[in-house]
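User: Please take a close look at one part of this model, the strand at the middle of the packing, and describe what surrounds that part on either side.

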Amino acid sequence: MVKYSVEFTFPILYLYCLYQIKNMFDGPDYPSSIKEDQFEAWLEAGRASKISYHFLLIVWNVYDEKYIPVYTETREEIRNYEFYPDAKGSEALIAVYDLYSESRITAF
């Protein structure tokens, strides 16, 4: 078994976590990554809206090959989207977040 010192392990772990925070949805399970500042801007736009949105949906547009934010008031509206990669239309749901707690929603 290989042992690593705390001095060696911590910087590597820190850099990995920093990369994960700055590039959301990065990996083979997602079509592209999103920068953290873009995600934060979408959350703030949803909270600042005059409409009382509760959820931020991260949707992949197949034709434009980019993510778009979709805001909804109820969980029922989320069911109008099919999840990536099984979606058959031009838009695929990647993830759902609560606008105020910023937690990822997995049960609809």
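This is a predicted model: local features need pLDDT of at least 70, side-chain atom pairs count only at pLDDT 80 or more; totals for chains, interfaces and linings use all residues.

Analyst: Contact here means heavy atoms within 4.5 Å.

S3 is mostly covered, with seven of its seven residues buried. Phe55, Leu57, Val59 and Asn61 point one way from the strand, while Leu56, Ile58 and Trp60 point the other way.

Within the sheet, four strands are arranged in the order S4-S3-S5-S6, forming an open sheet with antiparallel pairing. S4 and strand S6 (104-105) stand at the edges with a single partner strand each, so one side of each lacks a neighbour in the sheet. In general, the strands of a sheet pair through backbone hydrogen bonds. S3 pairs with S4 in the antiparallel sense over seven bridges, and Val59 stands opposite Ile68 in S4. Four residues lie between the strands in the hairpin of S3 and S4, where Glu65 takes a positive phi near 50 degrees. S3 also pairs with S5 in the antiparallel sense over seven bridges; here Phe55 stands opposite Asp98 in S5.

The residues of S3 contribute to two cores. In the largest nonpolar core, which has 16 residues, those touching the most other members are Phe25, Ile34, Phe39, Leu56, Ile58, Tyr67 and Tyr97. A second, separate core of eight residues includes Phe55, Val59, Ile78 and Leu93. Phe55 and Val59 point one way from S3, whereas Leu56 and Ile58 point the other way.

H2 lies across S3, S4 and S5, running at about 25 degrees to S4. This helix has 13 residues and reaches 18 Å from its first C-alpha to its last, close to the 18 Å expected at 1.5 Å a residue. Phe39, Trp42, Leu43 and Gly46 are buried in H2. These four are on the same side of H2 because they cover an arc of only 100 degrees around the axis. The face of H2 turned away from its buried side carries the exposed residues Asp37, Glu44 and Ala48.

Notes
Residues are numbered from 1 along each chain as its sequence is written. Side-chain values use heavy atoms; hydrogens and water are left out. A nonpolar core is a set of buried Ala, Val, Leu, Ile, Met, Phe, Trp, Tyr and Cys residues joined through side-chain atoms within 4.5 Å. Buried means under 20% relative accessible area, exposed over 50%, partly exposed in between (1.4 Å probe, protein chains only). Two strands pair if DSSP finds at least two bridges between them. The expected span of a helix is 1.5 Å times one less than its number of residues. The arc is that of the directions from the helix axis to the C-beta atoms. Axes are lines fitted to C-alpha atoms, for helices over the stretch in contact, and angles run from 0 to 180 degrees between N-to-C directions.
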